[in-house]
Amino acid sequence: MELLHGLLNRASIQRLESPGPTAAQLEVMLQAALRAPDHANLKPWRSVMVAGEGLEKLGQILQQAQLERDPESDSQTLERCIKMPNRAPSILVLIASPKAHPKVPTAEQVQATAAAGHAMLLAAYAQNIGAVWRTGWVVSHPMIRQAFDLQEAEEIIAMIYMGTPSITPKPVPIVSSQEFIKHWH
Ligand SMILES: Cc1cc2nc3c(=O)[nH]c(=O)nc-3n(C[C@H](O)[C@H](O)[C@H](O)COP(=O)(O)O)c2cc1C
């Protein structure tokens, strides 16, 4: 019952404040991720936790990256970049790290990483940690890739912003399942 409650009610929380997850809460999230479906049990991912001064440093790199994308960026845009990571006290960078395998193609390993990401969100929700999965241009920019030591085959799948919810989430929308299922005979 508890599991179903989380599956049916988890919602992203965009506004987050301190504190971020404790080490024990993060461990639960990681253990949940390690139970995600995973062809050949490759655990084809790694993650990096960013908090405290790391958020400031990441903001500076984002600003540099934005300048590289558009040297004419206005001061408002640059300011927004530097503040971007400060939208939460902790950011977990989830990286797909595919391994060479005769039966498991890279695409499946990326899918397994996404499944791990969803498990992390659910484990966050179960512990009253607010979280939101973000990506955008940031995740593929070479400066960000370099900052997190990404190897060529690796890919940032998510930046999971986490913290204490500072808003009450809206009720989850009710979506009819009819167009998402066909019964084939
Ligand atoms: C692969 C992926 C990338 C996403 N990137 C962003 C993003 O960059 N910015 C954003 O606001 N939401 C992003 N989202 C969506 C949110 O995390 C969230 O799921 C969505 O806003 C719906 O809210 P809900 O989770 O409460 O249903 C992404 C989701 C996925 C699965």
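Q: Which residues of H3 are buried?
A: In H3, the buried residues are Leu55, Leu58, Gly59, Leu62, Gln63, Ala65 and Gln66. Buried means under 20% relative accessible area, exposed over 50%, and partly exposed in between, with a 1.4 Å probe and protein chains only. The model is predicted: local features need pLDDT of at least 70, side-chain atom pairs count only at pLDDT 80 or more, and totals for chains, interfaces and linings use all residues. Residues are numbered from 1 along each chain as its sequence is written, and side-chain values use heavy atoms, without hydrogens and water.

Q: What makes the buried residues of H3 line one face of the helix?
A: Seen down the axis of H3, they fall within an arc of 165°, so they line one face. The arc is that of the directions from the helix axis to the C-beta atoms. The face turned away from the buried side carries exposed Glu53 and Lys57.

Q: What covers the buried residues of H3?
A: The cover includes strand S2 (45-51), helix H4 (75-83), strand S3 (90-96) and helix H6 (142-147), where contact means heavy atoms within 4.5 Å.

Q: Why is leucine 3 called exposed?
A: Leucine 3, in helix H1 (residues 2-9), has 63% relative accessibility and therefore counts as exposed.

Q: Which residues of helix H2 (residues 23-33) are buried, and what makes them line one face?
A: Leu26, Met29 and Ala33 are buried in H2. Seen down the axis of H2, these residues fall within an arc of 55°, so they line one face of the helix. They pack against S2, S3, helix H5 (106-126) and strand S5 (155-165).

Technical notes. Helices (H or I, at least four residues) and strands (E, at least two) are DSSP runs, numbered from the N terminus.
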